[in-house]
Amino acid sequence: MSFQIYKPEYNPSDLTGQVGGNIGSEILSGYINELFQHISSPPSGLDTTSYQYRKVFIKNEHTSTSTNTRVWVDAIEHVDQISLAESTGVEDSSTSSTGEPVGISGWRSSSNYAEGVSLGTLTSNAYSGVWIRQALSGVSTPDPYATFRIYVGGIVQ
């Protein structure tokens, strides 16, 4: 199965501007700073949590259909710093990268297929959006990026 992860049409290079929208033409090459901007996290122990939001698209680039397609993360550097949620629509967006996208809920730190965010059935060349939320508080040593891996799996038909 061949899945690619694409950036959305709105992926700002700072903390202002719209985030999300429809699928863009750039494939995510795998570096966290392609999505999240450098922010100095607050010191550990603060009750205030800041978030940064980004959207990616999972596209099935295989000739077969994938059912029960799911997305999860693994090897998260800081526990509970990265969580995922299913997109409500192909073109959903947020007005800024620090504002929670309207209508998105069910944030979870899925660490395996069984807990993964469900994308349902993806036919050949079909795609679906996933929101990624980065929490920026409670990190013992200030660290602007949490490293993690995104996994996609499904049943090939």
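Modeller: In this predicted model, Pro 8 stands opposite Ile 23, a residue of strand 2. The two strands concerned are strand 1, residues 3-10, and strand 2, residues 19-27; they run antiparallel and are joined by three bridges.

This pair belongs to an open sheet of six strands, in which the pairing is antiparallel and the order is 5-8-3-1-2-6. Two strands, strand 5 (82-86) and strand 6 (93-94), form the edges, each pairing on one side only. As a rule, the strands of a sheet pair through backbone hydrogen bonds, in either a parallel or an antiparallel way.

Strand 3 covers residues 51-60, and Asn 60 is found in it. Asn 60 has a relative accessibility of 0%, so it counts as buried, the cut-off being under 20%. Along the sequence, Asn 60 and Ser 124 are 64 residues apart, yet their C-alpha atoms are 5.6 Å apart in space.

Eleven residues line the largest pocket, and the closest to its centre are Leu 28, Gly 30, Phe 148, Arg 149 and Ile 150. By type, the lining consists of eight nonpolar residues, two polar ones and one charged one. Arg counts as charged, so Arg 149, as a lining residue, is the one charged residue there.

Notes: Residues numbered from 1 in each chain as written. Predicted model: local features only at pLDDT ≥ 70, side-chain atom pairs only at ≥ 80, totals over all residues. Heavy atoms only, no water. Pairing = 2+ DSSP bridges. Helix = DSSP H or I, 4+ residues; strand = E, 2+ residues; numbered from the N terminus. 1 Å grid on protein atoms, 1.4 Å probe; cavity = no way out; pocket = protein on both sides within 12 Å on 5 of 7 lines; lining within 4 Å. Buried < 20%, exposed > 50% of the residue type's maximum accessible area, 1.4 Å probe, protein only.
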